[in-house]
Amino acid sequence: MPISKSAPFTPLAHKNQKYHSRWRCATTTGLVVVGGGAARKKTKAERLELASKGLQVHVIGLSIHHAQVEVREKLAIPESEWNDQSALITSTGQVEEAAILSTCNRFEIYFAASDPHEANARVMEFLQERSGLPVSVLRRNIFMLEGDDAVWHLMRVAGGLDSLVVGEGQILSQ
């Protein structure tokens, strides 16, 4: 689908949008979303500023250990939609990269951003829109980790140490 300069920004169609299907994540590095949802390339100064800040890894999620089944069901995303939903999270520019993991026992969004407050707000907004639940209900069911804690959690999940059956390899295969 060709993109014209006047066309509104659509994450799936923009040539600078990168998809990493193996990890089911989307990145918007190199783009700035401006008023009305249109995107433009970042200037050299903007790219250098972002590069000097660095990105911090975060995870917001819920699992069988923390959340009610009704909440997990409302947030579940089929694997075929992980890329589209990750692109939706990154489309506003507050989140630089996002990856979704959604199974019957857990729902997690791993993301990287230079401004953690804006990024957390964006992900919570996505969760509220997706589930139709008020933030107060979401907050009672989710967990939030950042930095080393988020990476440590990812390693535990990938290694099957955070599963109902310790060592179960379903997550790693997904």
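# Exercises on a predicted model

Buried residues (under 20% relative accessible area, with exposed over 50% and partly exposed in between, for a 1.4 Å probe and protein chains only) make up 40% of the 174 residues in the protein. This is a predicted model, in which local features need pLDDT of at least 70, side-chain atom pairs count only at pLDDT 80 or more, and totals for chains, interfaces and linings use all residues. Residues are numbered from 1 along each chain as its sequence is written, and side-chain values use heavy atoms, with hydrogens and water left out.

## Exercise 1: inventory

Task: state how many helices and strands there are in the protein, and what share of the contacts with a separation of 6 or more comes from residues 24 or more positions apart.

Solution. 
1. Helices (H or I, at least four residues) and strands (E, at least two) are taken as DSSP runs, numbered from the N terminus.
2. The protein has seven helices and eight strands.
3. A contact means heavy atoms within 4.5 Å.
4. Of the contacts with a separation of 6 or more, 62% are between residues 24 or more positions apart.

## Exercise 2: helices H3 and H4

Task: describe how the axes of helix H3 (residues 82–90) and helix H4 (residues 116–131) cross, and classify the residues of their contact.

Solution. 
1. Axes are lines fitted to C-alpha atoms, for helices over the stretch in contact, and angles run from 0 to 180 degrees between N-to-C directions.
2. The two axes come within 9 Å and cross at roughly 130°.
3. Angles under 35 degrees count as roughly parallel, over 145 as roughly antiparallel, 65 to 115 as roughly perpendicular and the rest as oblique. H3 and H4 are therefore oblique to each other.
4. The crossing of H3 with H4 is right-handed, meaning that the near helix is turned clockwise from the far one by less than a right angle.
5. H3 contributes Gln 85, Leu 88 and Ile 89 to the contact, and H4 contributes Arg 122, Val 123, Phe 126 and Arg 130.
6. Ala, Val, Leu, Ile, Met, Phe, Trp, Tyr, Cys and Pro count as nonpolar, Asp, Glu, Lys and Arg as charged, and the others, Gly among them, as polar. The contact residues are then four nonpolar, one polar and two charged.
7. Seven of the nine residues of H3 are buried, among them Gln 85 and Ile 89.

## Exercise 3: the partners of strand E5

Task: find which strands pair with E5 (residues 56–63), and in which sense.

Solution. 
1. Two strands pair if DSSP finds at least two bridges between them.
2. E5 pairs with E7 (residues 106–113) in the antiparallel sense over eight bridges, with Leu 62 opposite Phe 107.
3. E5 also pairs with E8 (residues 143–146), antiparallel over four bridges, and here Ile 60 stands opposite Met 144.
4. Six of the eight residues of E5 are buried, so the strand is largely enclosed by the rest of the structure.
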